[in-house]
Amino acid sequence: MAKDFYDTLGISKTATQDEIKAAYKKMAIKYHPDRNQDKKEESEKKMKEINEAYDTLGDPNKRQNYDRFGSSGQNGGFGGQGGFSGGFNQGFSGFEDIFEDINSMFGGASSRSRRERSDGRQKGSDLRYTVKLTLKEAYLGIKKNISFKALGKCDQCNGKGGEGVITCNECNGAGTIRYQQGFFIVENTCPKCRGDGIMIKNPCRSCKGSGRKEKEFNITVDIPRGVSDSDNIRVSQSGEAGIRGGQSGDLFVAIKITEDDFFRRDGDNLICDIPVKFTRAILGGEIAIPLIDGTIHKLNISEGIQNGDRIKVSSKGMPRYNSNNFGDLFIYIKIETPINLSKDQKRIVEELDRSIDDKMNPKTNNFINKIKSLFN
Ligand SMILES: [Zn+2]
Ligand SMILES: [Zn+2]
């Protein structure tokens, strides 16, 4: 009499169907021949036992018969009787589910659907390239020439990989090879055609049939004005060439804007600090400010402008992406105190100081009064 099926799967006689299934799965993974290359024969034998046990215990009808008669009825004394063969088929379809699971764990047949299989053509990979721009370039928009090495179309065969197509004689066009391993049917990608099912009759010598060769790409990228840091510009079909004439991938140009010495960017607005002479701040008048486009803008500041005051210059910021409008420019006034005054100059300032009364410096006056009240 053969080994006890319950012992084979390492379960008790009262195990539920789910427990049986789980035990089988665990064992099948453990003893899968792919995982036991060093003791293949042994694991195949073990696998056969496990399969036999599960074939019976995994089916409630057959399990009942086995429990009562010590046989599932399929290869014992009940083989000739009707009623059991139906159960056998049913049981077997449940079996396949588990095989699906287990085979996919070992990279077998189930993973095939992931692969694009038609005439051997495959789309090339997308590429990513980072372009550094100055803020001014981002403001103006620019055509940038970029060059890099990647797999491009083979010139020799025009990307086709060669002449003529034949069915792969290894897999007869299936793209996969199936073979029996114990109770398993193992299905692997055909090593000769790599799953395509076809091969090039006269492969191109230059690219060995792939239709691609490493090349220098020289591409002009049209970068629109108003782009921002970490924007991506897609250049359609300028990525890696496809296999055997397949469509090229896309090129993604990532924008990296270098920091500007003068302007800070806040969305579409620009911000900058402008130093203003102390006397100009007192008298008011025209000051010259540089703009991002490289021109000079004349700006009138009011008499008595204060340090830290903000002035808005409308529409002198960054262009709004995909629009004709612009953001604004915000200027922060930084009043500079003159240094290294001569004796004469100091005398003039002292004279000026004496002539300025407290009301002309309201903030300072307020502050002094506050201090005074603290000490009174
Ligand atoms: Zn093949
Ligand atoms: Zn070629």
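Analyst: Axes here are lines fitted to C-alpha atoms, for helices over the stretch in contact, and the angles between N-to-C directions run from 0 to 180 degrees. The model is predicted. Two packed helices are described by the angle between their axes and the distance between the axes.

Start with H2 and H3. Helix H2 covers residues 17–31, and helix H3 covers residues 40–57. Their axes come within 10 Å and cross at roughly 165 degrees. Angles over 145 degrees count as roughly antiparallel. H2 and H3 are therefore roughly antiparallel to each other. The crossing of H2 past H3 is left-handed. On the H2 side, the contact is made by Gln 17, Ile 20, Lys 21, Tyr 24, Met 27, Ala 28 and Tyr 31. H3 contributes Ser 43, Lys 46, Met 47, Ile 50, Asn 51, Tyr 54 and Leu 57.

Next, Thr 8. This residue lies in helix H1, residues 5–9. Leaving aside residues up to four places away in sequence, Thr 8 touches Lys 3, Met 27, Glu 49, Ile 50 and Ala 53. Met 27 and Ile 50 are also among the residues making the H2–H3 contact. Is Thr 8 buried or exposed? The relative accessible area of Thr 8 is 3%. Buried means under 20%, so Thr 8 counts as buried.

Now follow H3 to H4. Helix H4 spans residues 60–69. The axes of H3 and H4 come within 6 Å and cross at roughly 100 degrees. Asp 55, Thr 56 and Leu 57 of H3 meet Lys 62, Arg 63 and Tyr 66 of H4. Leu 57 also belongs to the H2–H3 contact.

Then the wider setting. The chain has nine helices and 15 strands. Of its 376 residues, 34% count as buried. Take contacts between residues at least 6 apart in sequence: 63% of them join residues at least 24 apart.

Elsewhere in the chain is a metal site. Cys 154, Cys 157, Cys 204 and Cys 207 coordinate the zinc ion (ligand 2) through their SG atoms, at 2.2 to 2.3 Å. The angles among the four donor atoms are 105 to 114 degrees, and the site is tetrahedral. The donor spacing in sequence is C-x2-C-x46-C-x2-C. Cys 204 is buried, with a relative accessible area of 9%. Cys 207 is buried too, at 7%.

How values were computed: Residues numbered from 1 in each chain as written. Chains lettered and ligands numbered in written order. Predicted model: local features only at pLDDT ≥ 70, side-chain atom pairs only at ≥ 80, totals over all residues. Heavy atoms only, no water. Donors = N, O, S within 2.8 Å, 3.2 Å for Na, K, Ca; no water. Tetrahedral: all angles 85-135°; square planar, octahedral: opposite > 155°, others 65-115°. Buried < 20%, exposed > 50% of the residue type's maximum accessible area, 1.4 Å probe, protein only. Helix = DSSP H or I, 4+ residues; strand = E, 2+ residues; numbered from the N terminus. Contact = heavy atoms within 4.5 Å. Parallel < 35°, antiparallel > 145°, perpendicular 65-115°, else oblique. Left-handed = near helix turned anticlockwise from the far one by under 90°.
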